[in-house]
Amino acid sequence: MKHLTDHEIQAWIDGDPGMNRFLIEAHLHQCRECRDCLKSYQTLYTVMETAEKPLNIPVDFADRIMAQLPEKSFKRRHASLWKIIGLFAAATFATGIMIMTSPWTQYFNESSEWAQRLNRIFHAIRISLHWMTNRFYGTMIWLICGICILFCLMTLDKLFSCKWRVHFNTNQ
Amino acid sequence: MVSNKEMNESIENRGLICIQKILAGEQEAFRDFILLFQRLVYSITSKLIVCQEDQDDICQTIFIKAYQNLDQFRGDSKISTWIGKMTYNTCLNYLRRKKHLCLEDHHIDHYSNKHQNTRDTPDHLTETQDMSIRLHHEMNRLPAQMRTALTLYHIQGLTYDEIASVMSCPEGTVKSHLYRARQLLKKRLLEKYQKEELIG
């Protein structure tokens, strides 16, 4: 009968998902030698986990560090805020370009004077960018804008989720 | 009784509260942060650096570095992984700078032998204590990376992938370090104890 290897026995104790627990347990059930090997590893694990060698941490360790701490104000949050504003502006701009270059855009309902003005501005921009609306450039600009927006959203999500996670965990 | 895992989770949560307070300008909260993670930092450092004074200096440097970079901690990983990685890299840089890397195992063995001779008085030790001291002695004879992986797994309760992140190596390498280290320890303990003593 082929015995279990030391690696297989350790992986079983560790609960390593990369091995077949059923096969190992079936073998352990019928092989005394492997059961003994398992028990000796279990003793080893217990001794290692329960008997940590005492660490020589100085009593005033924290005081020493506190006395050496440099003056530092954590202003990164404001920098993050500017980053968020910048990304939001970039996403808005990219969305604007997408709307303006879209052949389906109806602009605004010309019911008021300011709407007519805006339509004229949009129309002027659209004419100046008319080369983008042909098939090739139009597709390219849409793709780039799409990637831009996706990137902005992913970055925003990362920025927010980290802060939220810290906040969430601390409130538990 | 509180398990290692529960204790580590509690330390992580308290660490996150400390970080929030420090970032809000409450510098004194860093004292609690030090008290929470000093065991982790010292246990990694003590596995790689022999001289106690150097250990103290390095641990101080690590905590000051952690304070300076606290705003860069994004919460993507556990605090213990973040500070563990910082500790491991700082120790390796120190050893490279001092060119101690190849000598270190010999030194540790020498120190641990000295340590063992002064303490190993069987009259005062129970069998388990004796086994535990022998185990530590044998652990100190292992290569530094194996010692670190064992400490992080068994004492600090980190998972394979967290250890891989701390030691900047693939998960497979961590498993290999752990398996080989335990196999060696078991073999060496069996040379000193009867098989029945280990089986219990």
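These legends walk you through a few close-up views of a predicted model.

**View 1. Where chain A meets chain B.** Let us start at the contact between the two chains. Chain A brings 37 residues to this contact, and chain B brings 43 residues. On the side of chain A that touches chain B, the elements giving two or more residues are α1 (6–14), α3 (32–50), α4 (61–68) and α7 (135–170) of chain A. Look for α3(A) in particular: with ten residues, α3(A) supplies the largest share of that side.

**View 2. What the touching side of chain A is made of.** Here we stay with the side of chain A that touches chain B. Its residues divide into 18 nonpolar, nine polar and ten charged.

**View 3. Chain B as a whole.** Now we turn to chain B, whose secondary structure comes to ten helices and zero strands. Read from the N terminus on, its elements run α-α-α-α-α-α-α-α-α-α. Of the 200 residues in chain B, 36% are buried. Among contacts in chain B between residues at least 6 apart in sequence, 64% join residues at least 24 apart.

**View 4. Helix α2 of chain B.** This helix covers residues 29–48 of chain B, 20 residues in total. From its first C-alpha to its last, α2(B) reaches 29 Å, which is close to the 28 Å expected at 1.5 Å a residue. Follow the helix along to B:F37, where α2(B) bends by about 50°. As you trace the turns, remember that an α-helix has 3.6 residues a turn, so residues three or four places apart point the same way.

Terms used
Residues numbered from 1 in each chain as written. Chains lettered and ligands numbered in written order. Predicted model: local features only at pLDDT ≥ 70, side-chain atom pairs only at ≥ 80, totals over all residues. Contact = placed C-beta atoms within 7 Å. Helix = DSSP H or I, 4+ residues; strand = E, 2+ residues; numbered from the N terminus. Nonpolar A, V, L, I, M, F, W, Y, C, P; charged D, E, K, R; others polar. Buried ≥ 20, exposed ≤ 12 C-beta atoms within 10 Å, placed from the backbone. Expected span 1.5 Å × (residues − 1). Bend = angle between axes of the 7 residues up to and from the residue.
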